[in-house]
Amino acid sequence: MKNNIIFTGVGGQGVITVANILGKAALKTGEKVYVSEVHGMAQRGGSVNCTVRIGDVYGPLVEKGTADAIVSTEPIEALRYIHYSNKKTKIITDTNPVIPFTVSVGTVKYPSLEIVFDELNKFGELYTINANEIAIKAGNILTKNIVLLGALAASNVLQLESD
């Protein structure tokens, strides 16, 4: 068994937290797990990505074209890491964009969500979720990362079994 999962989003959306939660859950099932994170300017709203590799793996990095799932808390960030996907990759993304500073000041445009989703759909099986709305209904918008983790669990990508 082997799982290659990419988590991505914008700083402050809980990407690192959710990757660590999945990593700890996989460890509790007895699986070998590697988790890596890249967060550079994330605290200023920049891109964040984490990989979680579970099972018969020998390092933390996912090769291009081998992701079983890309889970994104922001639609454009899913596109940023689409080179890790293949036709079988489950692409799970929130439908709520985080508008970057460059868009706010008018130097670039954020593409329509229809264009973003059409592009993502070319590279794998796309699942869009209004994670903000579900998190708010659950009691706190800060739990949108957990909503997306739940969507990953429901996707049948993970093959974790506990004792």
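Where is the place of Asn 156? Please take in the helix that leads up to that point as well.

Modeller: Happy to! Please keep in mind that this is a predicted model. Asn 156 sits in the segment after helix 6. Its phi is near 65°, which is a positive value in a residue other than glycine. Most residues other than glycine have a negative phi. Asn 156 is also exposed: its relative accessible area is 67%, and the cut-off for that word is over 50%.

Now to the helix itself. Helix 6 covers residues 144–154 and packs with helix 1, residues 15–28, at an angle of about 40°, the two axes being 9 Å apart. Helix 1 is therefore oblique to helix 6, because an angle under 35 degrees would be needed to count as roughly parallel, and 65 to 115 as roughly perpendicular. The crossing in which helix 1 passes helix 6 is right-handed.

As for the residues that meet, helix 1 brings Thr 17, Val 18, Ile 21 and Leu 22, while helix 6 brings Asn 145, Ile 146, Leu 149 and Leu 152. Sorted by kind, the residues of this contact comprise six nonpolar, two polar and no charged.

How values were computed: Residues are numbered from 1 along each chain as its sequence is written. This is a predicted model: local features need pLDDT of at least 70, side-chain atom pairs count only at pLDDT 80 or more; totals for chains, interfaces and linings use all residues. Side-chain values use heavy atoms; hydrogens and water are left out. Axes are lines fitted to C-alpha atoms, for helices over the stretch in contact, and angles run from 0 to 180 degrees between N-to-C directions. Helices (H or I, at least four residues) and strands (E, at least two) are DSSP runs, numbered from the N terminus. Angles under 35 degrees count as roughly parallel, over 145 as roughly antiparallel, 65 to 115 as roughly perpendicular and the rest as oblique. A crossing is left-handed if the near helix is turned anticlockwise from the far one by less than a right angle, and right-handed if clockwise. Contact means heavy atoms within 4.5 Å. Ala, Val, Leu, Ile, Met, Phe, Trp, Tyr, Cys and Pro count as nonpolar, Asp, Glu, Lys and Arg as charged, and the others, Gly among them, as polar. Buried means under 20% relative accessible area, exposed over 50%, partly exposed in between (1.4 Å probe, protein chains only).
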